[in-house]
Amino acid sequence: MQMKTKRRREESPQRAPRTIKTRRRDIRSCQTKVSPEPHQPDKLGVCSGDTLDLSNNYTLNKQRLSDIKKSLPRLRSLNLEFCHTLSDEDFASMVGYELVPSTKVLEAVDDTKTFSLESLNLARTKISDAGVAAIIVRCEEVRHLRLSHTRITDLSLSLIAQHCKRLVTLDVSGCDIGNYGIQLIAQECKYLADLKVNECTRINDGIIPYVCFYCPELNQLGIRNTKITARGLNTLLQKRKFSYLDLEALPITDAQLYLISLQQSQNIKSLRLSYCFNLTAGNICRLINICKHLAEVHLFGLSLGEELFSSVNREGLHIFSC
């Protein structure tokens with residue numbers, strides 16, 4: 001749902017944005033397709049104490065899923081990124097639910113199960129809203145959650161906002177989400193420090209008043225290739241201090257570079273400006289020289305000239321470009 005935000009709310013986040021209420025809807029699988037990734041060699045998985053890493057594993061069979069299920073009560077961190085074979089039914093089964101495929105209705109097999117997971121990476125799996133609903137209810141202690149390039153919608157974000165009040169990191173890049181879900185997350189997750197909504201093309205300036213007012217800890221933000229405007233970015237830069245910013249492919253100009261150097265010079269350590277074609281080499285050089293803590297800058301796709309690299313050569317600075 002697109003939120004129409006008045007100008008005075010963007011400019012004065014001290015006044016709380018209108019409270020968003022959770023919409024109750026039936027859980028249905030999202031039809032968004034996940035782009036296929038190049039095949040990578042399978043891994044057997046790495047298990048160390050309370051951490052289990054099965055990322056890039058394409059051969060998870062029922063026996064392996066059963067092992068994961070048995071390990072969950074003691075795990076603090078679980079990484080299943082790129083496990084393309086995992087479906088909503090598999091995720092539901094892991095946490096004690098049975099998902100009826102025809103209706104996508106969850107039936108609890110064991111109502112007493114809760115888990116202590118603090119870090120959960122399900123990026124680039126086949127999980128959708130139904131799978132998230134099963135996991136989040138049983139894993140309310142999650143603080144670091146990665147769901148990038150999955151089939152989730154705003155319904156999943158609504159459930160996460162309801163149950164994961166201690167959330168610190170959220171990555172939903174490349175998902176079919178809009179302002180409504182992020183507004184709910186900002187409003188309910190007061191400890192949010194790291195938010196990535198890269199390539200979420202329905203995200204626009206409507207989220208700005210919410211992250212400015214409700215997220216005092218926010219210091220890492222990825223809004224690459226969204227509909228955030230220069231005006232919205234101006235508000236963000238004036239109201240929050242960032243150590244990491246991904247602004248790639250946004251319509252920003254040298255005016256925003258000046259604002260970054262003015263407002264973020266003591267904090268910014270990593271800055272991504274690739275494919276921001278309105279920027280000039282001279283102002284990029286000026287920003288780098290002012291921001292003394294800047295450790296890495298991404299400038300892919302920009303025609304800058306060799307003089308830029310010679311004039312900003314300093315120890316500890318890494319410039320990535322082509």
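Rings of Phe, Tyr and Trp (its six-membered ring) are taken to pair if their centres lie within 6.5 Å, with planes under 30 degrees apart counted as stacked, over 60 as edge-to-face and the rest as tilted. The model shown is predicted, so that local features need pLDDT of at least 70 and side-chain atom pairs count only at pLDDT 80 or more, whereas totals for chains, interfaces and linings use all residues. Residues are numbered from 1 along each chain as its sequence is written, and side-chain values use heavy atoms, with hydrogens and water left out.

**View 1. Y210, F213 and Y214 form one aromatic cluster.** The count of aromatic pairs comes to 3. One of them, Y210 with Y214, is stacked, at 6.1 Å centre to centre and 25 degrees between the planes. These two tyrosines, Y210 and Y214, lie 4 residues apart in helix α7 (residues 208–214) and are therefore separated by about one helical turn. Both Y210 and Y214 are buried (under 20% relative accessible area, with exposed meaning over 50% and partly exposed in between; 1.4 Å probe, protein chains only).

**View 2. F91 lies in helix α3 (residues 88–94).** F91 counts as buried because its relative accessible area is 0%. Leaving aside residues up to four places away in sequence, F91 touches L80, L86, L122, T125, I127 and I135, where contact means heavy atoms within 4.5 Å.

**View 3. Q256 is found in helix α9 (residues 254–263).** Q256 has a relative accessibility of 4% and therefore counts as buried. Beyond residues up to four places away in sequence, Q256 touches A230, L233, N234 and L237.
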